[in-house]
Amino acid sequence: MIVLDELGEYLRKVQQMDGRDQLAAFMKALFTAVETTPNAAVVYTLAVQAGGKSVDAFAAENEFLASAMLELESVSGRKATILNPTKDDETAKVIRRRIFSRIDDDRAAEVIGAYKALWNTHRDSLSEEGRRPSATEEFLLSYPFHPDMLDTLTSKTANGD
């Protein structure tokens with residue numbers, strides 16, 4: 001298995017060395033070699049959404065790569081299997097790992113308890129969605145992120161807003 005992770009970041013690093021021009025030829029040669037090799041596969045990651053749009057720091061590179069990979073698939077006659085390795089319930093864990101070097105999970109109950117006390121005190125000011133019984137459990141699963149913040153983040157990035 002050949003794993004090519006964060007191709008957009010790599011492409012940015014080699015842009016002064018005609019990296020874009022060399023990429024298609026390299027990938028075509030790699031795909032051809034793997035296609036003729038039993039039990040071999042290429043796995044690559046791109047931070048793009050359905051439709052080829054990207055919103056991360058390497059958006060231009062990732063969108064270029066998504067387009068180039070579609071072209072390579074048509075030339076090679078092989079189709080990629082597109083997988084989204086992050087399910088909704090895993091988003092908080094992935095973001096936690098990428099943003100924080102350490103989180104004191106032992107304090108989660110204390111912090112969420114303080115929020116719950118505020119929610120109860122200001123219950124009449126909260127929306128129906130904000131008063132949902134599952135909010136405490138959802139917060140525990142997404143700690144240190146408030147579940148509504150994660151919902152907003154994922155919906156904004158999913159829509160490209």
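Rings of Phe, Tyr and Trp (its six-membered ring) pair if their centres lie within 6.5 Å. By that rule, ring pairs link Tyr115, Trp119, Phe139 and Tyr143 into a cluster. The model described here is predicted.

**Overall layout**

The protein has 7 helices and 2 strands. Along the sequence, these elements follow the pattern β-α-α-β-α-α-α-α-α. The protein has 161 residues, and 24% of them count as buried. Take the contacts in the protein with a separation of 6 or more: residues 24 or more positions apart account for 63% of them.

**Helices α5 and α6**

Two packed helices are described by the angle between their axes and the distance between the axes. Helix α5 covers residues 108–121, and helix α6 covers residues 135–142. They pack at an angle of about 145 degrees. Their axes are 10 Å apart. The crossing of α5 and α6 is right-handed.

Which residues meet at this crossing? From α5 come Ala108, Ile112, Tyr115, Lys116 and Trp119. From α6 come Ala135, Thr136, Phe139 and Leu140. The residues of this contact divide into 7 nonpolar, 1 polar and 1 charged. Lysine counts as charged, and Lys116 is on the α5 side of the contact.

**Aromatic pairs**

The structure holds 5 aromatic pairs.

| Pair | Distance between ring centres | Angle between planes | Type |
|---|---|---|---|
| Tyr115 and Phe139 | 5.0 Å | 75 degrees | edge-to-face |
| Trp119 and Phe139 | 6.2 Å | 35 degrees | tilted |

Why is the pair of Tyr115 and Phe139 edge-to-face? The planes of the two rings are at 75 degrees, and planes over 60 degrees apart count as edge-to-face. The rings of Trp119 and Phe139 have their planes at 35 degrees, so that pair is tilted.

Tyr115 lies in helix α5 and Phe139 in helix α6, 24 residues apart, and their pair links distant parts of the chain. Trp119 lies in helix α5 and Phe139 in helix α6, so their pair ties together parts that are 20 residues apart in sequence.

Phe139 has a relative accessibility of 1%. Tyr115 is partly exposed, with a relative accessible area of 36%.

**The loop between α5 and α6**

Leu126 sits in the loop between α5 and α6. Leu126 counts as partly exposed, at 25% relative accessibility. Buried means under 20%, so Leu126 at 25% does not count as buried. Leaving aside neighbours within four places in sequence, Leu126 is in contact with Trp119 and Arg131. Trp119 is also part of the aromatic cluster.

**Glu61 in helix α3**

Another residue to look at is Glu61. Glu61 is found in helix α3, which covers residues 59–76. The relative accessible area of Glu61 is 6%, so Glu61 counts as buried.

What does the side chain of Glu61 make a polar contact with? The partner is the side chain of Arg12, at 2.8 Å. Leaving aside neighbours within four places in sequence, Glu61 is in contact with Gly8, Leu11, Arg12, Gln15 and Arg20.

How values were computed: Residues are numbered from 1 along each chain as its sequence is written. This is a predicted model: local features need pLDDT of at least 70, side-chain atom pairs count only at pLDDT 80 or more; totals for chains, interfaces and linings use all residues. Side-chain values use heavy atoms; hydrogens and water are left out. Axes are lines fitted to C-alpha atoms, for helices over the stretch in contact, and angles run from 0 to 180 degrees between N-to-C directions. Helices (H or I, at least four residues) and strands (E, at least two) are DSSP runs, numbered from the N terminus. A crossing is left-handed if the near helix is turned anticlockwise from the far one by less than a right angle, and right-handed if clockwise. Contact means heavy atoms within 4.5 Å. Buried means under 20% relative accessible area, exposed over 50%, partly exposed in between (1.4 Å probe, protein chains only). A polar contact is a pair of N or O atoms within 3.5 Å; within protein, one must be able to donate a hydrogen and the other to accept it, and residues adjacent in sequence count only if both atoms are side-chain atoms. Rings of Phe, Tyr and Trp (its six-membered ring) pair if their centres lie within 6.5 Å; planes under 30 degrees apart count as stacked, over 60 as edge-to-face and the rest as tilted.
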